[in-house]
Amino acid sequence: MLPSLPGPIGVFDSGYGGLTILREMRKVMPEYDYMYLGDNARAPYGTRSFDVVYQFTLEAVKSLFERGCHLVILACNTASAKALRSIQQKDLPGLDPDRRVLGVVIPTVEALGGITKNGNIGVLGTPGTISSGTYDIEIAKFFPQYRTVTAACPMWVPLVENKEFDAPGADYFVKKYVEQLFSEEPEIDTIVLGCTHYPLLLDKIRRQVAGRAEIVTQGELVANSLKDYLHRHPEMDSKCTKNGTCTYLTTENPVKFTELAEIFLNAPIEATHVTL
């Protein structure tokens with residue numbers, strides 16, 4: 001039996017990247033309580049199969065539900081691409097049809113209509129997100145007239161998680177994937193950073209893009225979309241507590257998690273170890 005009392009908004013990511021989403025949520029909606037869960041012990045998800053990502057993500061969602069969350073945001077593009085629809089359609093009706101799990105892909109795609117001028121969209125993401133075809137599919141649904149080109153960036157998450165995102169060696173891999181994108185479509189005018197780790201590489205990405213395209217990061221888009229969602233669904237808003245708190249959970253060593261999490265958040269935190 002899942003807890004019925006109101007609780008925090010759950011935010012899940014395979015590792016640290018979802019902290020960039022959480023950071024923007026707390027800026028836009030500071031009054032809410034949040035519970036962040038990072039499955040750092042099993043990260044990264046980007047190279048794992050659909051079945052494994054789905055199973056891991058479902059375990060995390062169940063864990064957040066059991067800890068009182070009625071609404072969970074998959075602040076991870078790979079989980080959103082490979083697991084969200086299955087959880088929404090197959091699992092939620094049995095777990096609790098009144099709870100909700102939302103992702104980061106749709107809010108990102110919805111915003112593109114107000115950004116691109118020529119409809120040529122580039123997407124940079126993990127191998128898992130890119131191979132899923134989720135961005136291609138969703139952009140085609142919302143904007144069938146747009147052309148989408150994608151590039152997988154397998155080295156970017158390791159660079160971030162090994163604290164090498166600001167090192168000179170990262171420039172090679174940033175240039176490699178950005179140029180791969182433009183080689184497929186030189187007229188790209190909008191680039192989606194389809195992984196929540198990538199904002200830490202933003203300065204290097206901007207230098208390589210060199211003004212050729214608008215760069216779209218997801219944090220603010222997802223935060224504003226969530227605010228709008230809660231405004232339109234007062235029945236869910238009433239199930240979200242509002243004391244301005246944030247709890248951090250990790251499947252890794254909490255000391256290790258805290259060290260890197262503070263880089264993403266620019267603030268000190270305390271984390272607790274959990275098992276899934």
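These legends accompany close-up views of aromatic contacts in a predicted model. Local features need pLDDT of at least 70 and side-chain atom pairs count only at pLDDT 80 or more, whereas totals for chains, interfaces and linings use all residues. Residues are numbered from 1 along each chain as its sequence is written, and side-chain values use heavy atoms, with hydrogens and water left out.

**View 1. The aromatic pair of Phe-12 and Tyr-45.** Rings of Phe, Tyr and Trp (its six-membered ring) pair if their centres lie within 6.5 Å, with planes under 30 degrees apart counted as stacked, over 60 as edge-to-face and the rest as tilted. The count by this rule is eleven aromatic pairs. Phe-12 and Tyr-45 form a tilted pair, at 6.2 Å centre to centre and 50 degrees between the planes. Because Phe-12 belongs to strand E1 (residues 9-13) and Tyr-45 to the loop between strand E2 (34-38) and helix H2 (50-66), the pair ties together parts 33 residues apart in sequence; helices (H or I, at least four residues) and strands (E, at least two) are DSSP runs, numbered from the N terminus.

**View 2. The aromatic pair of Tyr-45 and Phe-56.** Tyr-45 is buried, with a relative accessible area of 1%, and Phe-56 also counts as buried at 14%, where buried means under 20% relative accessible area (1.4 Å probe, protein chains only). The ring centres of Tyr-45 and Phe-56 are 5.8 Å apart with planes at 50 degrees, so the pair is tilted.

**View 3. Arginine over the face of a ring.** Arg-42 lies over the face of Phe-56, at 3.6 Å from the ring centre, and Arg-212 lies over that of Phe-182, at 4.0 Å; the criterion is NZ of Lys or CZ of Arg within 6 Å of the ring centre and within 35 degrees of the ring normal.

Technical notes
Buried < 20%, exposed > 50% of the residue type's maximum accessible area, 1.4 Å probe, protein only.
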